[in-house]
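Visitor: I'd like to go through this one with you, a question at a time. Could you put it up on the screen?

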Amino acid sequence: LKEEGLNAIRESQTLAALQQHRVLYLGKKGPIQEVMKSMKDLSAEERPKFGAAVNEIKSQIAAAIESKWAELEAKEMEDRLEREKIDITLEGYHPTVGNLHPLTLVQQELEDLFIGLGYTIGEGPEIEFDLYNFERANIPKGHPARDMQDTFYINAEELLRTHTTAIQTRQLEAYAPKLPIKVVCPGKVYRRDDDDATHSHQFTQMEGLVVAENITLSDLKGTLEFMAKKMFGEKRVIRFRPSYFQFTEPSVEVDVSCHICNGKGCPVCKGTGWIEILGAGMVHPNVLEMAGYDSKKCSGFAFGVGIERVAMLKYGIDDIRHFYTNDLRFLKTFTRFE
Ligand code: PHE
């Protein structure tokens, strides 16, 4: 019985098997208990000797279980360490981290700049009514000026907006007759155009609009010069050239002194020292009146800046199509820097 028990214990391969043997040999219903029962048939002298012998066997088995237990436990731990081993010299997994699109970076930089001046952000739909894109911008149906901004028509009344001036006319209507308005409106715009290095049938603009009492052209000039310095460097100055838009009077085209040659003349500014960046002017009285403002009691300025144009000048990009073809080698080079 002793040999049988010790053998069984020696051959146990797992802690679970050993536990079964523990229950069998040391528990209440095993073969040892069975043997103990036969003690009652023995004489009074033999009984203590027999009992001592059985107890001896019992404690040998208990000792064997204990040492085997420790052995199996150590082995199990070793197996587990082997199984869960991590090779810390293996090269790690590099998650691909995205970055913002250069147009988003420039748009956000402009937004931050104007929010700092107390402006809010305005938005409008890309599929726009003829009403807000043209008529409220003082460009009635049949007006030849529409030819310059031919676009994609959904039907007779709806089109893809050709400029963020469509958001301007919506903002005016929404605010009227409250004063003041100070808002910038970024968004995608569309024109029927043949794509090349400097033209795209879809591009991005940001409209600026301020309406209050006694707003003048010098307010516009101060605002745009501040913007030019923030975007292209503190040394920049701007100049106004007379121009024409139906929705502003007077209208101007705005040049920034070249940030590459500091105004001396280089290929970027075609030797002139100046780079055209946007169109602007004083909001036309008709535009104010159509939106519900009394043009004798307030005045305003507006400007429309091309985000692609600013990004191309700022980062030295020579082809507008780079922004839309999603070449990661191009897109990966842009992080936010001043
Ligand atoms: N909407 C004009 C354009 O797209 C730009 C502009 C905006 C001019 C606001 C004057 C005032 O060319």
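Predicted model: local features only at pLDDT ≥ 70, side-chain atom pairs only at ≥ 80, totals over all residues.

Visitor: How many disulfides does the structure hold?

Guide: Take C185 to begin with: the closest cysteine sulfur sits in C298, and at 17 Å that is too far for a bond. C261 is in no disulfide either, with the sulfur of C269 as its nearest at 3.6 Å. For the structure, the count of disulfides is zero.

Visitor: Is C185 buried or exposed?

Guide: Buried means under 20% relative accessible area, exposed means over 50%, and partly exposed is in between (1.4 Å probe, protein chains only). C261 has 14% relative accessibility, so C261 counts as buried. C185 comes out at 0%, which makes C185 buried.

Visitor: How many salt bridges does a search of the whole structure find?

Guide: The rule here is a side-chain nitrogen of Lys or Arg within 4 Å of a carboxyl oxygen of Asp or Glu. Searching the whole structure, the number of salt bridges is 20.

Visitor: Which residues do salt bridges that share partners join into one network?

Guide: Here the bridges link up through shared partners. The members of that one network are D130, E135, K141, R146 and E157.

Visitor: Which helix holds both E71 and K68?

Guide: Helices (H or I, at least four residues) and strands (E, at least two) are DSSP runs, numbered from the N terminus. E71 and K68 form a salt bridge, with closest N and O atoms 3.4 Å apart. E71 is partly exposed at 47%, but K68 is buried at 11%. The two are three residues apart, about one turn, and both lie in helix 4 (residues 46–83).

Visitor: How many residues apart in sequence are the parts that R239 and D255 tie together?

Guide: R239 and D255 form a salt bridge with closest N and O atoms 3.0 Å apart. R239 lies in strand 6 (residues 238–245) and D255 in strand 7 (residues 248–257), so the pair ties together parts whose separation in sequence is 16 residues.

Visitor: Where is L117?

Guide: L117 is partly exposed, with a relative accessible area of 30%. C-alpha to C-alpha, L117 is 22 Å from E253, and the two are 136 residues apart in sequence. The place of L117 is the loop between helix 5 (102–116) and strand 1 (120–121).

Key:
Residues numbered from 1 in each chain as written. Heavy atoms only, no water. Disulfide = S-S within 2.5 Å.
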